[in-house]
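Student: I am new to this structure and would be grateful for a close look at a single part of it. Please take one contact between two chains and describe it in a connected way.

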Amino acid sequence: MSALLERDPRRLFAAVLSLLEAKGMLSEADLAERIALTDAATPGQGARMVARAWVDPTYRALMLADGTRAAEALGIPMRGAPPLGVLENRPGLHHLVVCTLCSCYPRAVLGYPPFWFKSAAYRARAVRDPRGLIAEWGTVLPAGTEIVVVDSTADYRWMVLPLRPAGSEGLDEAALTALVREGDMIGVTVPAFGR
Amino acid sequence: MTPLAPGARVRVRDDWPETRGPAHIRTPHYVRGREGVVVRHLGDFPNPEDLAFAREAAILPLYHVRFAPRHIWPSGVSADGLLVELFGPWLEAQR
Amino acid sequence: MSAAEPGESTPRAHHDLGGVPKFLCEAVDTAPHALSDFDRRVDALRQILGAAGIMRVDELRRGIEAIPEATYHRLSYYERWARSITDTLLRKGVITEAELTAALERLA
């Protein structure tokens, strides 16, 4: 391994960028374009899928069978993204997603992984004590709820389809979309109405 | 290699390639040597153990395998199930 | 079944963190952390190199896993990426050590 790798990674990055630009392999415009595309993927995309699944049983079935096609059906760009799997929470069954080896995250539908998802504490604790872990968000599941932890170790990316919260019966799809947060689709929180 | 069907009992190979030199392993340490049950075949993907070194990579079956966390850790466990994506060559069918 | 607890006596690699006792009592920082320009640019470069077929995400991971343990835990998430991208481009000859040394000097 090159001793140069011990240098400040921020300086390494600046140096590498300058070399790639000098070689004609990259421009500032390429970076800006890629950043804009990446910033466009946000938890709002996944929230739209969840809300649609709550109101449309046909869409729900599609989402559970093939998350990638379900995302594309709502106009979410999935080309080049890993296959998306969807984990269905049911009364008495809760899912939590982690990547213990690195930070695999359903970026196409949730955006950049949040800081906590990438932390050593989250990665270590999730597979062993998910109840204690999600309590850090104040999440307490009904007694008797089974928790299945999904360690995202390979080519799929996983999102949770959470339970539609009690009291939300009168809400339309747009209002339901606004209820769904990033953590609800990883399983550290659950959607609540009127929080 | 015979494909593994949902419900098949498997044991993850108790193998530690990272002790033998540079390696990139997507089978978490905590499932090695452990028994689980195949949930489903997720598809076929190139072997990341080769892709990581820019080597030619065989296409391998990828399975979702379920484990019982309480059989993995002796204490401090509140998970009821654990689903892990594992490649075929890591799995030994059990009777 | 082995009596040893995974992570204590098994020769796991340091990035292989599932259930590892050392971190079980560590609180999770659940607060939002905004990404910096540096973070976004590193992320974007990785994607561009991937799309161009110059380096795969698997190679990014290999390079991150090759970072010595103490450094791995000291560096920020995208600092690890920046180091791994540099490592991979050097390994593959996309850039050379001499070029990188000169480029670092020009920055100074």
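Tutor: Chain C and chain B together bury about 1700 Å², and carbon and sulfur atoms account for 59% of that area. This is a predicted model, and the values given here are to be read accordingly. To the contact, chain C contributes 23 residues and chain B contributes 21 residues.

Turning to specific interactions, there is 1 salt bridge between chain C and chain B. The partners are Arg32(B) and Asp16(C), whose closest N and O atoms are 3.9 Å apart; this pair qualifies because the limit for a salt bridge is 4 Å. Across the interface of chain C and chain B, 3 residue pairs are in polar contact, with both residues at pLDDT 80 or more. On the side of chain C that touches chain B, helix H2 (residues 57–65) of chain C gives the most, with 5 residues.

Arg40(C) belongs to helix H1 (residues 37–51) of chain C. Its relative accessibility is 22%, so Arg40(C) counts as partly exposed. Leaving aside residues up to four places away in sequence, Arg40(C) touches Leu35(C) in its own chain and Ile35(A), Asp39(A) and Tyr112(A) in chain A. A polar atom of the Arg40(C) side chain lies 3.2 Å from the backbone oxygen of Leu35(C). Finally, Tyr78(C) is 38 residues from Arg40(C) in sequence, with 8.6 Å between their C-alpha atoms.

Terms used. Residues are numbered from 1 along each chain as its sequence is written. Chains are lettered from A and ligands numbered from 1 in the order in which they are written. This is a predicted model: local features need pLDDT of at least 70, side-chain atom pairs count only at pLDDT 80 or more; totals for chains, interfaces and linings use all residues. Side-chain values use heavy atoms; hydrogens and water are left out. Contact means heavy atoms within 4.5 Å. Buried area is the accessible area (1.4 Å probe) that two parts lose on being put together, summed over both. A salt bridge is a side-chain nitrogen of Lys or Arg within 4 Å of a carboxyl oxygen of Asp or Glu. A polar contact is a pair of N or O atoms within 3.5 Å; within protein, one must be able to donate a hydrogen and the other to accept it, and residues adjacent in sequence count only if both atoms are side-chain atoms. Helices (H or I, at least four residues) and strands (E, at least two) are DSSP runs, numbered from the N terminus. Buried means under 20% relative accessible area, exposed over 50%, partly exposed in between (1.4 Å probe, protein chains only).
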